[in-house]
Amino acid sequence: MVEIQKILFPKIARCTEQELYFRKPDGKQNFMIQNESQNQGSKMLTYHYSEGFLCLKEGESAAFDTYFNGFSIEKWKKYTILDNLSLCLTLQGNIKVTLINRQKIHEYVSKQILSETIVNTAHQQIYRFAYDIKNAKGMLSFEIEAGKGGGTLYTGGYHCELAHNALRQIKIGVGICTFRREDYLTKNLCILRNEILENKESPLYGHLEVHVADNGCTLDVQDLETSNIFIYPNKNLGGTGGFTRCMAEMKKKHRKHGTTHVLLMDDDVMIEPEALVRTYFLLALAKEEYTKAFIGGAMLRLDRQTVQTEAGAVWNQGVLDSLKKELDVRSCEACLYNETEEYAQFHAWWYCCFPLSIVTSSNLPLPLFIRGDDVEYGLRNMKQLILLNGICVWHEPFENKYSSFLEYYIIRNQLIVNAFHCPQFGAKQLNKCMLAHCLREITYYRYKNVDLYLQGIQDFLKGPQWLMRQDGQELHSKVVQAGYQAQELEKLDMPFSYPVYEESKNDFGQNSTRLKRFLTLNGLLLPPKGDSITPMASAIGVNFYRKNRVMNYDIWSKKGFITSRSFSKSIQYIFRVFGMVFVNHVYLKKAQKAYQRDGKYMQTWDYWKSSLDITNRKRETGGS
């Protein structure tokens, strides 16, 4: 018997949201994110964090049809050779165990009871309960109910019987690109060492290694490196440069280490090590037709750990559509919705696993530095994406990571990606996007953002030969300096008032003023009336209406920058933006054809070896 999915419990310093693990049965839960208070109170069960077990009083019940402890039987049957399944639980006391199959069909969530068994033991004992999986769909799960005297669940897992040679030989190379985020990185490396790399009881022991590209060159290599953790001081060429370095090093060590799969992971995430174990068993049991599939980990918010932000995505020519976003995964209905498979074009690199054989000397990421590198590589290589509840990371939400300099990369990289994968994206579409975006930033008085956006377009129009001549590290430094620099509040020439910030954050405007704002360029044609404070990442036009100065404030970093109204500057920028309309019509198609003709060289190891300043080494990223 092989345990392919362990029953997880909440853990201090990782996640203590109990309803991701177990809950009282059949409580009414919200499918989408709503008021937090609606999901608290009477549904909580007593869990002993220090001992690590769930103790139920007489009459109490616990359901495990949850994000981490439901079993995605339909996907396991589709993608793997799994043909039998049992639930093994370590129990004590008087407990009824009920096996359940749950499905979501439209608005209806079904609950089919498969079997009920009562156990009564004065001592801890392992019990095995077999599922009939022949007709099972959706999610398999179980419930426990304590009888007279109560009962305790200590450990458990879903098991299957496998022939000795049934498991494929799998070894996962985790690739992490980091830039001066020592706290996150060292914590995750410690988790991986304690629970997998140095834990002989882990199914992944001997099947995992970690490669870290240190773009900031600030890590203590001697302190962190082990026999299966490798640190590479790396030139700062952004995420794409760091992840490419990791892939190249895995290919270099492939013959000696036997690595079969790459798992790219962001440096600012919190990991659940069991996610890697589940990824391993999916790979080890994969049917032949799915051995080239990508396995993705959903993004849950780090600040609100029950909120799913994305599970796969569609590019839409640059209008990104995050799939299954804003789900409250405490809800069984949300977990069952996750079981529904949708068309996805790529998966982000906060947790993305794929065969190392895909990485060849002519199939490496493009040098996009940041924003779009995972998009382009996914569009190029991902043919099938597998997602499972419980395979995830907790990630800082994007609205907490606003940076002015991203204006440059977002549009430049969108144009590069579309040149390869959507050449029908023409000047008409670009000009529509450009006008909407730049005119908005002008009415926000964010003139530097307009400069960055237009520079991104202009640099794309220069073609791939120009990009290949650039030193990515030096270019990035110039781009960062060209944007707004958030500072501590005491350094800003404007007093901070939290009530003013709250009022602005909650002001979405009135219908009666929309036409007036539109006709007056959001108040630019009217006299100004005082100052305001608004959220840096989620500002809207009404927050700037007729304001003289606006503090763009980030509540997470407690920093901000000030933008000031200038009628003359606004008019100058409006003329600049409309001038670019003509330029785009003349030069866009020419630049697209240049990327299609010459840009593929940037996907090769010959290009990357020079860019990363890696010399005197064999060309060992080759493959097919």
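1. Phe142 is in contact (heavy atoms within 4.5 Å) with Ile7, Ala62, Ala63, Phe64, Asp65, Leu87, Leu89, Thr98, Leu99, Ile100, Tyr131 and Tyr158, leaving aside its neighbours within four places in sequence. Phe142 also belongs to one aromatic cluster, formed with Phe9, Phe22, Tyr47, Tyr49 and Phe64.

2. The model is predicted, and its local features need pLDDT of at least 70, side-chain atom pairs count only at pLDDT 80 or more, and totals for chains, interfaces and linings use all residues. Residues are numbered from 1 along each chain as its sequence is written, and side-chain values use heavy atoms, with hydrogens and water left out.

3. On confidence, pLDDT is the predictor's confidence in each residue, from 0 to 100. The mean for the protein is 91, and 95% of its residues reach 70 or more. Confidence is highest in helix α11 (residues 447–461), at a mean of 98, and lowest in helix α15 (residues 511–519), at 76. Helices (H or I, at least four residues) and strands (E, at least two) are DSSP runs, numbered from the N terminus. Over residues 28–42 the pLDDT stays under 50, and the model has 36 contacts beyond four places in sequence for them. Residues 616–624 are also below 50, with 21 contacts in the model beyond near neighbours in sequence.

4. A nonpolar core is a set of buried Ala, Val, Leu, Ile, Met, Phe, Trp, Tyr and Cys residues joined through side-chain atoms within 4.5 Å. Buried means under 20% relative accessible area, exposed over 50%, and partly exposed in between (1.4 Å probe, protein chains only). The largest such core has 183 residues, and Phe64, Phe142, Ile144, Leu276 and Phe354 have the most contacts inside it. Helix α9 (residues 406–421) gives the largest share of this core, nine residues. Another core, of six residues, lies apart from it and includes Leu492, Met494, Tyr501 and Met551. In soluble globular proteins, nonpolar side chains tend to be buried together.

5. The structure holds 37 aromatic pairs. Rings of Phe, Tyr and Trp (its six-membered ring) pair if their centres lie within 6.5 Å; planes under 30 degrees apart count as stacked, over 60 as edge-to-face and the rest as tilted. The pair of Tyr484 and Phe561 is stacked, because the ring centres are 4.7 Å apart and the planes are at 10°. This pair links distant parts of the chain, 77 residues apart: Tyr484 is in the loop between α13 (472–482) and β20 (487–488), and Phe561 is in strand β23 (residues 559–564). Both Tyr484 and Phe561 are buried.

6. Tyr601 and Tyr607 form an edge-to-face pair, with 6.2 Å from centre to centre and 75° between the planes. Tyr601 counts as partly exposed, at 41% relative accessibility, whereas Tyr607 is buried, with a relative accessible area of 8%. Tyr607 has its place in helix α17 (residues 605–611). Leaving aside neighbours within four places in sequence, Tyr607 is in contact with Pro367, Met468, Tyr601 and Met602.

7. Two lysines are placed over rings. A charge sits over a ring if NZ of Lys or CZ of Arg is within 6 Å of the ring centre and within 35 degrees of the ring normal. The charged end of Lys253 sits over the ring of Phe230, 5.2 Å from its centre, and Lys324 lies over the face of Tyr337, at 5.1 Å from the ring centre.

8. An open sheet of four strands has the order β20-β23-β22-β21, with mixed pairing. Because β20 and β21 stand at the edges, each with a single partner strand, one side of each is left without a neighbour in the sheet. Two strands pair if DSSP finds at least two bridges between them. β20 and β23 pair in the antiparallel sense over two bridges: Glu488 stands opposite Lys559, and Gln487 has Gly560 as its bridge partner. Strand β22 (residues 549–554) pairs with β23 in the antiparallel sense over six bridges, and Arg549 stands opposite Ser564. β22 and β23 form a hairpin with four residues between them, where Lys558 in the turn has a positive phi of about 60°.

9. Pro528 is found in the loop between α15 and β21 (531–535). At 39% relative accessibility, Pro528 counts as partly exposed. Pro528 touches Arg546, Lys547, Asn548 and Arg565, not counting residues up to four places away in sequence. The C-alpha atoms of Pro528 and Arg565 are separated by 8.5 Å, although the two residues are 37 residues apart along the chain.
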